[in-house]
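The following report describes the chain shown below, from its overall fold to individual residues.

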Amino acid sequence: ASQDELLILGQTLRLREDPFLVPPEDCAAHDSRGGVLVREGRIAAVGPADALRAAHPRARVEDMGDALIIPGFVDCHAHYPQTGIIASWGKRLIDWLNAYTFPEELRFADPDHARAQAELYLDLNLANGITAACVYCTVHPQSADALFAAALARGLRLCAGKVMMDRNAPPGLTDDPRRGHDESAALIARWHGRGRLGYAVTPRFAPTSTPAQLEAAGALWAAHPDCLMQTHLSEQPDEIAWVRELFPEDPDYFGVYEARGLAGPGAIMGHAIHLTARERAALAETGTGVAHCPTSNAFIGSGLCDVAGLARSGVPVGLATDVGGGSSFSMLATMRSAYEISQLRGAPLHPAQLLWMATAGSARVMRLDDRIGRLETGLEADLVALDLAATPVAAQRAARARDVWEALFATMILGDDRAVKAVWSGGRPMKRPPGA
Ligand code: GUN
Ligand code: ZN
């Protein structure tokens with residue numbers, strides 16, 4: 001049996017409690033010479049390297065040296081069809097959707113295009129240590145088929161859904177309440193629970209759905225309560241004003257979703273920047289999750305989300321690239337951006353809070369915190385070895401670090417995919433160190 005055991009050695013860093021609720025220094029366990037034992041795709045033990053070696057002498061050893069072994073990154077909000085239009089200049093939300101996003105999404109009617117982009121997207125994720133994600137496809141069911149098939153072939157944990165839109169979008173990108181419901185239901189039957197896949201009911205956002213479509217989405221989610229539900233909330237002021245015009249009967253933007261059964265645990269609101277006091281309280285009371293999308297919020301000019309305030313009030317918060325409104329596939333760059341936004345708000349996030357959001361926080365938002373997101377026995381072995389000295393400048397800064405947080409923080413700020421030395425998904429190697 002030990003033939004099937006893998007022992008990954010390096011520094012280990014475990015976050016055992018939520019650093020938004022407990023002082024960050026009290027949450028963590030760091031071992032400068034630790035190890036993670038993997039058996040049958042799961043974490044079988046975490047402990048000191050020497051003790052694990054002695055107890056499991058026949059395990060295959062992968063020694064990552066001084067690299068930091070952490071859980072794989074979890075991106076709780078991304079649009080894989082926007083891979084091709086990432087880094088598009090100058091527009092703000094509604095114009096950006098019309099000018100760049102919708103024309104690109106039209107191309108996903110072609111299953112070959114969808115397949116190629118799905119493969120590219122997952123390859124980029126793995127290069128960056130993202131081992132799980134919650135993803136928007138396009139309105140076309142074949143766009144979801146392509147992504148699910150590619151993720152299944154790689155054994156990845158992934159949630160996704162076909163976008164539902166029945167107004168305020170080009171004709172080639174709309175469905176209708178019945179069709180959106182039925183096509184989504186067929187995708188649930190085809191993919192939900194297969195391998196490590198899950199379905200997310202995906203009404204894009206209130207402006208592109210009629211009340212009837214949001215109701216149909218709510219009914220579908222109620223019929224499949226172990227699916228996720230993802231949408232966008234309060235990203236830019238004009239969008240919020242538009243929602244007020246389109247839904248005059250509802251109290252506010254989040255109220256539009258609440259009234260149609262689109263709130264609660266397993267619901268993921270992208271952005272959630274410009275909220276009223278009522279909306280904040282309602283997010284917390286309902287247990288609705290928030291995907292913090294800092295690079296996107298800076299890039300599209302949306303604003304500074306009070307993610308720490310939401311977390312402290314009990315809202316589950318995760319970190320998200322929001323590719324391609326977001327400007328990077330790197331969760332390190334995304335943590336840097338979250339840090340910069342917290343500085344602009346006057347309250348810098350601690351590296352433990354950044355790491356938590358990028359792993360356990362996103363896992364909780366996706367209701368997968370009993371399976372992924374932490375270095376704990378029994379969880380799936382989705383792991384990253386992070387090289388804290390991947391470039392000369394990072395190496396120099398790490399050498400001056402007084403503790404692991406300083407060294408890790410330097411790589412959050414300076415790092416990119418070169419710092420992601422090795423990646424495992426369910427214990428299987430997905431990226432290997434150069435030369436290995
Ligand atoms: N709101 C509705 N759709 C989108 C999208 O694709 N990206 C972003 N950033 N916001 C949205
Ligand atoms: Zn988005």
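## Strand pairing and local features

Leu 386 has Val 420 in β15 as its bridge partner. Strands β14 and β15 (residues 420-425) pair in the antiparallel sense over four bridges, where pairing requires that DSSP finds at least two bridges between two strands. This is a predicted model in which local features need pLDDT of at least 70 and side-chain atom pairs count only at pLDDT 80 or more, while totals for chains, interfaces and linings use all residues. Residues are numbered from 1 along each chain as its sequence is written, and chains are lettered from A and ligands numbered from 1 in the order in which they are written.

**The open sheet.** Both strands belong to an open sheet of seven strands, in the order β3-β2-β1-β4-β14-β15-β16, with mixed pairing. Strands β3 (42-48) and β16 (428-431) stand at the edges with a single partner strand each, so one side of each has no neighbour in the sheet. From one strand to the next the twist averages 35 degrees; the angles run from 0 to 180 degrees between N-to-C directions of axes fitted to C-alpha atoms. Within this sheet, Glu 5 has Arg 39 in β2 as its bridge partner, and Ile 69 has Ala 385 in β14.

| Strand pair | Sense | Bridges |
|---|---|---|
| β1 (residues 5-15) and β2 (residues 28-39) | antiparallel | ten |
| β4 (residues 60-71) and β14 | antiparallel | four |
| β6 (residues 130-136) and β7 | parallel | five |

**Buried strands.** A residue is buried if 20 or more other C-beta atoms, placed from the backbone, lie within 10 Å of its own, exposed if 12 or fewer do, and partly exposed in between. In strand β14 (residues 383-386), Leu 383 and Ala 385 point one way and Val 384 and Leu 386 the other way, and all are buried. Five of the five residues of β7 (residues 157-161) are buried, so this strand is largely enclosed by the rest of the structure. Gly 161 of β7 is the bridge partner of Tyr 136.

**The chain as a whole.** The secondary structure comes to 16 helices and 16 strands, which are DSSP runs numbered from the N terminus (helices H or I, at least four residues; strands E, at least two). Buried residues make up 57% of the 436 residues.

The residues around ligand 1 include His 79, Arg 204, His 232, Glu 235 and Asp 322, where a residue is near if its C-beta atom, placed from the backbone, lies within 6 Å. Helix α3 (residues 93-106) gives the most to this shell, with three residues.

**Backbone features.** Most residues other than glycine have a negative phi, and most peptide bonds are trans. The peptide bond from Val 323 to Gly 324 is cis, with omega near 0 degrees, and Gly 324 lies in the loop between β13 (317-319) and α13 (331-344). Glu 40, in the loop between β2 and β3, has a positive phi of about 50 degrees. Glu 40 counts as exposed because it has 11 C-beta neighbours inside 10 Å. Ala 272 has a positive phi near 50 degrees, but counts as buried because it has 28 C-beta neighbours inside 10 Å.
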